[in-house]
2 protein chains.
Amino acid sequence: MKIAVIGTGSVGRTLTDGFRRIGHDVVIGTRDVAETRGRAEWADEAALVPFAEAGDGADLVVNATGGNVSADALAHVDLDGKVLLDVANPLDFSNGFPPTLTVKDTDSLAEQLQRAFPTARVVKSLNTVNAAVMVEPAKLPGESTMFLAGDDAEARALVRGLLTDLGWADVVEFPSLDAARGLEMWLPLWVRLMGNLGTADFNLKLVR
Amino acid sequence: MKIAVIGTGSVGRTLTDGFRRIGHDVVIGTRDVAETRGRAEWADEAALVPFAEAGDGADLVVNATGGNVSADALAHVDLDGKVLLDVANPLDFSNGFPPTLTVKDTDSLAEQLQRAFPTARVVKSLNTVNAAVMVEPAKLPGESTMFLAGDDAEARALVRGLLTDLGWADVVEFPSLDAARGLEMWLPLWVRLMGNLGTADFNLKLVR
């Protein structure tokens, strides 16, 4: 399928490589194509397109921007009727490490985006691991669990298929986007575990 | 050792049984011994003592009260110099299910208790699973992970020994009590998983 990855940071780049590996056609939306192409890591990147073109013909749009700029960035993308996979977290590093969450408990970034773009079909997933693990769960020494939350069954099924193709065998699906509150509130423990373990390459396996 | 469990709910009762199983001498602190003894499930319980006596000679005090009443209950217990194991969560069910957290992100129940009782040595652990799993990790079909956070190394070591005796083989230790923020913020995902899985008998295994 055609996937539009929004965001040119390391998450966007890693997802782009991962989605191509499993055979998808990926464009990368950026605010300023010339500026992004000027960075060494994107110099040879032909798939960069401005935000306004990124959604054209896309079967899936992926929010890989920072949580605090996601709504601003996505406002420029055509999301009408499209599945929007939100992998971002609403982290606030303004007071240093560990970050806090800009939204939590009674709301989530995913729900904020759903309200901002009501004709999009938002699915939350992949936000519980780092980018390298998102696209290659087998790099961890043992099977771990991926979560998926969204209100739209067809949108969840599309993302679930993508997860399967990426190598996620154990997927726990929530049929309601507000479960994103729980998924995002895992991050305060995740960031502390990253500090404690000295690596971002880890995940949880749900033992049940 | 002598353990004082504070709280006569199902968590307190399950912990009492579990600690006795591994050979400890347990008293259960309650606000009103006569009233508690009047309940069918505590009718034969000789170990019930009033809060004011519960800490006498205890090597470990365990907070098994509800998070929203913990500070009030513990104010009646002698905690001076004692290790206080906090297994509670600051859950607010006033708006129904799923609950929210009364404190989060920049503070935690464990830190609130440490500030309220500065001569206690607070350790956060076991709050990430239900009571049955706390005392019998082997009831799950696979090894899972327990966390432990506290500022005092000796207090952490005492609790770690207790965890080992209960059957916890994979323990991740945080040398700072503020990691309790992450441990308590796991609960919003935990309660949603309980609803989704239809059981409270589950836990996470850290795959790393």
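Me: Which helices and strands of chain B each supply at least two residues of the lining of the second largest pocket?

Reply: They are helix 1 (10-21), strand 6 (91-92), helix 6 (131-135) and helix 9 (187-197) of chain B. Helices (H or I, at least four residues) and strands (E, at least two) are DSSP runs, numbered from the N terminus. The model is predicted, with pLDDT of at least 70 needed for local features, while totals for linings use all residues. Residues are numbered from 1 along each chain as its sequence is written.

Me: What makes the space of about 480 Å³ a pocket?

Reply: On a 1 Å grid over the protein atoms alone, a pocket is an open set of points where a 1.4 Å probe fits, with protein on both sides within 12 Å along at least five of seven lines; lining residues have an atom within 4 Å of a point. The second largest pocket holds about 480 Å³, a volume being the space filled by probe spheres set on the points, which are joined across faces, edges and corners. Of its 23 lining residues, the closest to the centre include Val11(B) and Asn89(B).

Me: Why is the relation between chain A and chain B called a two-fold axis?

Reply: A rotation of 180 degrees with 0.0 Å of shift along its axis superposes chain A on chain B, with an RMSD of 0.0 Å. That is the relation of a two-fold axis. The superposition is by least squares on the C-alpha atoms of residues with pLDDT of at least 70 in both copies.

How values were computed:
Chains lettered and ligands numbered in written order. Predicted model: local features only at pLDDT ≥ 70, side-chain atom pairs only at ≥ 80, totals over all residues. Heavy atoms only, no water.
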